[in-house]
Amino acid sequence: MTMKPSRRHFLRGLGLAVALPAMESWMPTSLQAATKSTASGPALTPGGDPLRSAFLYVPNGVILPKWFPEGTGKDYKLNQTMKPLEGLRGEFQVVSGLAHSNGFAGGDGAGDHARAHASFLTGARPRKTAGSDIEVGISIDQEMAKHLGHQTRLPSLELSCDGARKSGSCDSGYSCAYQFNLSWRTKHSPMSAESNPRLVFERLFGRGDDQDRQKNFDRRMAERRSVLDFVMGETKSMSKQLGRNDVHKLDEYLTGVREIERRIETSEQFRDLPKTEMEVPAGIPQDYAQHIRLMFDLLALSFQTDSTRIASFMLAHDGSNRNFKDIGVSEGHHSLSHHRDNQEWIDKLAKIDQFYVTQLAYFLEKLRGMKDPSGASVLDNSMIVYGSGLSDGNRHRHDDLPVILAGKGGGLLETDRHVQLKAEDRTPMANLFVSMMHKMGIQDPDFGDSTGPLGVI
């Protein structure tokens with residue numbers, strides 16, 4: 001019987017430490033079978049490669065006249081803001097006319113930044129509260145992870161360049177949880193994003209030096225399992241002494257514990273950690289562009305090594321007032337976004353918009369240079385959504401949103417075009433997400449405020 005080589009054995013034989021893509025010889029039998037078929041399976045391309053989805057968020061809207069291309073279909077010209085993407089025209093499409101109607105006030109008054117952020121991946125209206133009774137809806141990445149997350153060591157990956165907050169009041173009576181969390185596991189529970197590149201690296205490749213990472217990982221899994229066994233035993237005996245209300249609270253607590261246990265079980269199924277030639281990051285870089293690119297490097301590696309197929313990345317929270325002195329903008333982003341038609345401020349905002357698009361171009365180039373077993377690039381086999389929950393930050397509009405859909409989805413998506421929907425129709429952005437779910441092999445009919453799949457995608 002021929003044994004499949006482990007990734008560690010293969011690397012030692014070569015005397016190298018490189019990040020390995022998903023190789024066909026190491027795929028589970030079910031995935032190998034898919035590569036010999038022309039039909040795609042869940043989270044697989046028609047060619048049998050992993051199919052990935054990532055969702056990237058930028059804050060405070062854009063300067064629309066400098067954002068959307070001139071012309072539609074294949075006959076379009078990139079506008080000023082998207083010039084950094086000129087060399088990648090064949091790798092993405094621009095979609096205009098999408099909306100998040102639940103971002104508008106709807107009787108809830110001020111708080112557009114909180115609503116923009118909370119609704120972006122959920123298509124749902126956040127409950128206006130600064131207390132613990134937060135509620136919005138499950139996000140598209142977590143909906144995908146619910147169906148597909150068992151196929152990889154990490155069901156999903158949540159990244160940020162801002163710190164995490166889950167309490168306090170941030171925007172006109174809305175909890176900070178809405179504004180600092182892009183991903184939501186349930187309608188009440190956000191997924192905390194990691195902003196420290198070192199911790200992301202350790203989650204992907206283990207803690208310690210190259211020799212110790214696997215050993216440390218195995219020990220950590222054993223310790224977590226031991227702690228969970230103790231917690232489950234203690235709570236089981238405790239439940240016999242509790243009243244009805246406390247039993248309900250304990251049930252909610254145990255639901256969270258069982259979720260942790262499920263994640264540990266998934267990690268144990270994929271116990272052989274991938275290797276990488278990337279140096280362990282020292283921490284959070286002081287330079288913002290370096291921070292973004294380092295997180296993009298890690299996200300790209302998570303896809304290339306098939307550590308996960310689903311990710312979200314909040315480059316900054318909506319309402320962020322970060323300045324951009326390195327590109328000549330000393331004022332805060334949010335302050336400038338209320339430009340009141342001041343041309344000087346508009347020009348500075350356009351610089352910020354282009355700064356973010358430049359970082360997107362870096363990420364797409366990175367994915368384009370990585371190859372999957374079939375020979376297609378990781379970018380070819382991905383669906384990358386880049387956008388904001390606001391279009392015009394000055395007027396707090398949540399329609400005609402700035403959206404780029406990059407990657408070919410394993411051949412299921414058309415690129416190099418501008419898809420222009422009628423802005424007045426306010427087509428739900430959730431329709432795009434439903435279409436993406438279908439291409440990932442998920443046939444759930446409902447999501448957020450979707451009215452159905454987006455037929456043009």
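Predicted model: local features only at pLDDT ≥ 70, side-chain atom pairs only at ≥ 80, totals over all residues.

Colleague: Okay. Which residues does serine 330 touch, leaving out those up to four places away in sequence?

Modeller: Serine 330 touches Asn323 and Lys325.

Colleague: Where is serine 330 placed?

Modeller: In the loop between β9 and α10, the latter being residues 333–337.

Colleague: New topic, rings. How many aromatic pairs does a search of the whole structure find?

Modeller: It finds 15. One of them is phenylalanine 201 with phenylalanine 205, a tilted pair. The centres are 5.1 Å apart and the planes make 50 degrees.

Colleague: Why is that one tilted?

Modeller: Because planes under 30 degrees apart count as stacked and over 60 as edge-to-face, with the rest tilted. This pair has 50 degrees between its planes.

Colleague: Where do phenylalanine 201 and phenylalanine 205 lie?

Modeller: Both are in helix α6, residues 197–205. They are four residues apart, about one turn of the helix. Phenylalanine 201 is buried at 0% relative accessibility, and phenylalanine 205 is buried at 1%.

Colleague: What about tyrosine 288 and phenylalanine 355?

Modeller: That pair is stacked, with 5.8 Å centre to centre and 20 degrees between the planes. Tyrosine 288 is in helix α9 (288–304) and phenylalanine 355 is in helix α11 (343–368), so the pair ties together parts 67 residues apart in sequence. Both residues are buried.

Colleague: What lies over the face of tyrosine 288?

Modeller: Arginine 322, at 3.6 Å from the ring centre. Elsewhere, arginine 89 lies over the face of tyrosine 76, at 4.1 Å from the ring centre.

Colleague: Now the sheet. What is the strand order?

Modeller: Seven strands, in the order β6-β9-β1-β10-β11-β4-β12. The sheet is open and its pairing is mixed. β6 (157–160) and β12 (417–420) are the edge strands, each pairing on one side only. The twist averages 15 degrees from one strand to the next.

Colleague: In which sense do β1 and β10 pair?

Modeller: Parallel, over six bridges. β1 covers residues 52–57 and β10 covers 382–387. Tyrosine 57 stands opposite glycine 387 in β10.

Colleague: Which strands does helix α3 touch?

Modeller: Helix α3 (112–120) packs on the sheet and touches β1, β9 and β10. Its direction makes about 175 degrees with that of β1. Helix α4 (140–148) lies across β1, β6 and β9, at about 160 degrees to β9.

Colleague: Last thing. How many disulfides does a search of the whole structure find?

Modeller: One. Cysteine 170 and cysteine 176 form it, with their sulfur atoms 1.9 Å apart. The torsion about the S-S bond is about 95 degrees, so the disulfide is right-handed.

Colleague: Are cysteine 170 and cysteine 176 buried or exposed?

Modeller: Cysteine 170 is partly exposed at 28% relative accessible area, whereas cysteine 176 is buried at 0%.

Conventions:
Residues numbered from 1 in each chain as written. Heavy atoms only, no water. Phe/Tyr/Trp six-rings, centres within 6.5 Å; stacked < 30°, edge-to-face > 60°. Helix = DSSP H or I, 4+ residues; strand = E, 2+ residues; numbered from the N terminus. Buried < 20%, exposed > 50% of the residue type's maximum accessible area, 1.4 Å probe, protein only. Lys NZ or Arg CZ within 6 Å of the ring centre and 35° of its normal. Pairing = 2+ DSSP bridges. Axes fitted to C-alpha atoms, helices over the stretch in contact; angles between N-to-C directions. Contact = heavy atoms within 4.5 Å. Disulfide = S-S within 2.5 Å.
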